[in-house]
Structure formats: C-alpha cells, structure tokens
Amino acid sequence: MSGSSYLLVHFNMLVIIYRQNNRLPCEWLFGMSDLLSLLKVPHLASRPLQQLEIEQEGGRIMLIEFIGSTGAGKTTLISEVQHRLTKTAKVTTSYDFVAAPLGLRGVTHPTAQNFIQELVGFPFFIRSLHRNKAFVVFILRMLARQSNFSIFTINNLRSLVRKIGVFEIIRRDENNHIIMVDEGTVLLAHNVFVYNSVSYAPDEITTFVDLAPLPDLVVYIRAPMDSLMKRALRRSDPPREIKSKNRALIETYVERAVSMFEQLIQAEKIRDRVLIVENPESADKGHDTVVDYITQFIQNNEPASKSV
C-alpha cells in the first residue's frame, strides 16, 4: 500500500470514528502528525503535542493477556471467562474494544481482524516509538538473525506494529474496563523465539520481558503435549508457519513454545502477575473449574503467581 493510500484509509477511519463518537481520539491526531511528518507532508500535520490538551475522565482499565502454545485453548477460555465476567463487570476483548467504534465488531475472519487492528493501531504505534524504542529495536535485532527475509518476516513486523498499537490504544482509555487479549505484547515472544531455527539464550527472554510493554495480569495456559498437537493439527485457522500440517514441524514448534513460555513466566518482571492454569479437554469436568478459577483471579485482581 502506498503512503498516500495508507493516509487515505486512515482519514476514512477518522471520519467513521468521528461520526460514531462526535470526537476524535487525540492520539490518532498526534500519531497522524508524526506519520505525515515522516512522509514529508508537513502542511497536513496537526499542532504539536504541547499545544493540545487531553481531556480525561476518571477510571481504570485492567488489561489481561492470555498466553500459551498454539492449541492451548486460549481463545475458547477467553470466550468463556468473558461470559462469566459480564455478569458483574464491564468486559470486552481487545479486538472488540478497537473495532466497536468503527461498527466492525461483527468481523470474524482472523485476517480481516488483524488488518483492522493494524490500520487503527498504526498511528498509536508511531506515536509511542519514543517510549517503546528499546523494545522495538530488540525485536528487530532478533528478527534480523533469521536466515532470510520472507513473508513470515513481514508478518512478524506487522504483528509487532499491531500488538503495540492496540496496547497503546487500550492504555489510553480512562473508563472502567476489563479487557482480555488473545494476542498481545507478551505473545510477541512466540514470533521471536519459536517460529525459527535460531537458538536463543535465557537472558534474551529476560531482556524481552524487561523491555516489553506488559499487561496488568497474565494467564498462562498449559496443556498436555498430545492435546496441543491434536488441537494444532485440527485448527481451521492455523498460523502461517504450521499451515502445511507437517506433524514433525508442528511438534518442533510446540516443544519450542512450551520451553520458551516456561522460561518467560519465571522472569522477574512478569512472574508476580501470572496465573498458571492446566487446561484439560473441554469435555472434562475440570474445564469449568479452570474457567471459574480464572474468573475469580481476575475479579480479585491478585497479581500473584499461582497454579491450578
């Protein structure tokens, strides 16, 4: 997409958001100002940040990210926990939070959802680069170690922009929300450390956690290896890296993911906000217990590492 086309899409998005809410998010304007400056269109840039006032209302947002290997059951658990929480709290998913002002909550195709989040989140990503520069540089260096530049590299870069952009959108909301994230900034570790053949050192995972913008709480979903394999093989929308359904390759990726996540949750900056759950098959009696336990953990807002 050319620079001018990208800008046109963003301005169309702004019109839609304005019609929905009769106002524009300030960060969109600030981000577009930076983007227009980068594209050398200074006459369209908005006023400098210091000349604008941001009106904020009282409130607190709680961001909960679900992490785990492909096939762990994150999406299913998020849906069920959300259903439980709606009885007592204002809760939504990160996609719905971003898409609702555009009237696009009904979009269900994963690729379309990702594209929407990339378009909406891009100005926020640009605006936050001064704060997230060290993290972005670290991710780029890790990706550069891969053997060749491919479509997977491009997708990883898009994922970086999308996840940070959405994170920045959410963190600026001042209303009382519980927002659950299926693919957030912590899960970027999966892109960096799992889907490649390059080995990594334990301290690189620690560096990732130290630099990453983190959610308030993290729910780490474990599952038996045979369950992870079965779920990964039967997924209707698998990640590009495992679309070949090559069992040996999928097994390698799943093993790398499990090993990486077990190291990641031990990092000092994240371990005190992690809940670890063993996810049985959905038909098992223990499944409802897991859903109830996650729900209670969120309601109590206890950022302490526990296991069930």
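The largest cavity is lined by Met142, Arg145, Gln146, Val192, Phe193, Asn196, Val198, Ser199 and Tyr200, where a cavity is a set of points, on a 1 Å grid over the protein atoms alone, at which a 1.4 Å probe fits but cannot get out, and lining residues have an atom within 4 Å of a point. This is a predicted model, in which local features need pLDDT of at least 70 and side-chain atom pairs count only at pLDDT 80 or more, while totals for chains, interfaces and linings use all residues. Residues are numbered from 1 along each chain as its sequence is written, and side-chain values use heavy atoms, with hydrogens and water left out.

The largest cavity holds about 50 Å³ of space, a volume being the space filled by probe spheres set on grid points that are joined across faces, edges and corners. The structure has 2 cavities of 30 Å³ or more. The lining of the largest cavity consists of 5 nonpolar, 3 polar and 1 charged residues; Ala, Val, Leu, Ile, Met, Phe, Trp, Tyr, Cys and Pro count as nonpolar, Asp, Glu, Lys and Arg as charged, and the others, Gly among them, as polar.

Arg145, one of the lining residues, is found in the loop between helix H6 (129–144) and helix H7 (151–171). Arg145 counts as partly exposed because its relative accessibility is 35%, given that buried means under 20% relative accessible area, exposed over 50% and partly exposed in between (1.4 Å probe, protein chains only). When residues up to four places away in sequence are not counted, Arg145 touches Val198, Ser199, Tyr200 and Glu204, a contact meaning heavy atoms within 4.5 Å. Arg145 and Val192 are 47 residues apart along the chain, and their C-alpha atoms are separated by 9.9 Å.

Strand S4 (residues 217–222) has 5 of its 6 residues buried; helices (H or I, at least four residues) and strands (E, at least two) are DSSP runs, numbered from the N terminus.

| Strand paired with S4 | Sense and bridges |
|---|---|
| S1 (residues 61–67) | parallel, 4 bridges |
| S5 (residues 274–278) | parallel, 5 bridges |

Val219 in S4 is the bridge partner of Phe66, and Val219 also stands opposite Leu275 in S5.

Overall, the protein chain contains 13 helices and 6 strands, and 47% of its 308 residues count as buried. Of the contacts between residues at least 6 apart in sequence, 78% join residues at least 24 apart.

Technical notes. Pairing = 2+ DSSP bridges. 1 Å grid on protein atoms, 1.4 Å probe; cavity = no way out; pocket = protein on both sides within 12 Å on 5 of 7 lines; lining within 4 Å.
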